[in-house]
Amino acid sequence: MRKLFKLLGNKRLFILLMGLILFIAVMGFTLGPRTSLSWPEKFVKDTVGFVQYVFYKPASYVAGFFEDISNLRALQEENEQLKIALAHYTRDKATYNWIAQENERLKNKLDFTEAQKRLYDYTWKIAQVISVNDDPVNRTIVVNLGAREGVKEGMAVSSDKGLVGVISHVSNFTSTVRLATSMDAKDPNSNGIAVTAQGKENDVFGMIETFDREQGMFLMTRIEDATPLKKGDTIVSSGIGGVFPRGMVIGTVKDIQVGEYGLTYTATVEPAANFTDWKELFIVFEPEGEGE
């Protein structure tokens, strides 16, 4: 017995024994089924949460401060860009107003008729697509505007991206659109489009009469001088011939090469319209063909 008391008198052994008993008790307590946290767990959790909150708040303020500085720099750069854009807009608007007034003055001085003044005053009427014919040889779509709204055969049809096709048949309430992807120079019923390059109207002229189905590109032919034309130029209708309105976007130049006989040049033009999944399109009414 005296030896046992001596062993128990050892402080290290006593602390180890008490720690073991406490560990077994805590383990037994935590292994049982519980529906809520015990008060020691709650205390520890709340303490840790409070400490995290104390350290997190200043850290978040510091991080937010640097983030605000970063955002401020981005905002300053965006503000500078907007100022430049606004300056360009103001300059272009002033130039446009001056040109418009000068144009109107010259028209009046030259005694332009009302029809001549309204020659390029097009009206775009929205039409819903109601059916699609997926025939690879003759793809057509049907829209819900017809003769009742003044639609006529030969009117140009466009999406919000660019030229889609022309009206080929008209009934009272609907119209059939022949897609530009069916264009073929060998087809006598296919109308070619007189085109030019946007911003280079006085220097570039060509014709689009064929759509290459393998490449998915329009072929712009009869280009006499390819020097002004560059890759990336936007091709638009020139309005010559009166079949297609002036300024309708056709696509973008992807490549320029010498033509078949070496006398002219041919450019491949990627269509601006994607020719898939349309819900609505625009029929372009010229002033003399506009329905009342």
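Trp124 counts as partly exposed, at 43% relative accessibility. Here buried means under 20% relative accessible area, exposed means over 50%, and partly exposed is in between (1.4 Å probe, protein chains only). This is a predicted model, in which local features need pLDDT of at least 70, side-chain atom pairs count only at pLDDT 80 or more, and totals for chains, interfaces and linings use all residues. Residues are numbered from 1 along each chain as its sequence is written, and side-chain values use heavy atoms, with hydrogens and water left out.

**Trp124 and its surroundings**

- Trp124 sits in strand β1 (residues 123–133); helices (H or I, at least four residues) and strands (E, at least two) are DSSP runs, numbered from the N terminus.
- Leaving aside residues up to four places away in sequence, Trp124 touches Ser158, Met248, Phe282, Ile283 and Val284, where a contact means heavy atoms within 4.5 Å.
- Take Phe282 from that list: its C-alpha atom and that of Trp124 are separated by 5.8 Å, although the two residues are 158 residues apart along the chain.

**The whole chain**

- The protein chain contains four helices and twelve strands.
- Of its 292 residues, 28% are buried.
- Among contacts with a separation of 6 or more, 56% are between residues 24 or more positions apart.
- The accessible surface of the chain comes to about 20,600 Å², and carbon and sulfur atoms hold 58% of that surface. Accessible areas come from the Shrake-Rupley method with a 1.4 Å probe, and for residues only the protein chains shown count as cover.

**Salt bridges**

- Side chains of opposite charge can pair when their charged atoms come close.
- A salt bridge is a side-chain nitrogen of Lys or Arg within 4 Å of a carboxyl oxygen of Asp or Glu, and the count by this rule comes to four salt bridges.
- One of them joins the side chains of Glu149 and Arg148 (3.0 Å, N to O). Glu149 is buried, with a relative accessible area of 19%, while Arg148 counts as exposed at 59% relative accessibility.
- Another joins Lys200 and Asp233, whose closest N and O atoms are 2.8 Å apart. This pair links distant parts of the chain, 33 residues apart: Lys200 is in the loop between β6 (193–197) and β7 (206–212), and Asp233 is in the loop between β8 and β9. Asp233 is buried, with a relative accessible area of 14%.
- Glu209 and Arg222 also form a salt bridge, with their closest N and O atoms 3.1 Å apart. Glu209 lies in strand β7 and Arg222 in strand β8, so the pair ties together parts that are 13 residues apart in sequence. Glu209 is partly exposed with a relative accessible area of 21%, and Arg222 is partly exposed with 46%.

**Surface patches**

- Patches are made of residues with over 30% relative accessible area and no salt bridge; like charges are joined within 9 Å, and nonpolar side chains (Val, Leu, Ile, Met, Phe, Trp, Tyr) within 5 Å.
- Phe14, Ile15, Leu17, Met18 and Ile21 make a nonpolar surface patch of about 490 Å². Leu17 belongs to helix α2 (residues 11–31) and is partly exposed, with a relative accessible area of 40%.
- Glu201, Asp203, Glu224 and Asp225 form a negative surface patch. Lys and Arg count as positive and Asp and Glu as negative, while His and the chain ends are not counted; the place of a charge is taken as NZ of Lys, CZ of Arg, CG of Asp or CD of Glu.
- Asp225 is found in the loop between β8 (217–223) and β9 (234–237), and this Asp225 is partly exposed, with a relative accessible area of 39%.

- Gly247 lies in the loop between β9 and β10 (249–258) and is partly exposed, with a relative accessible area of 42%.
- Not counting residues up to four places away in sequence, Gly247 touches Val236 and Ser237. The C-alpha atoms of Gly247 and Glu201 are separated by 9.9 Å, and these residues are 46 residues apart along the chain.
- Met155 lies in the loop between β2 (140–143) and β3 (156–158), and Met155 counts as buried at 9% relative accessibility.
- The C-alpha atoms of Met155 and Val243 are separated by 7.7 Å, with the two residues 88 residues apart along the chain.
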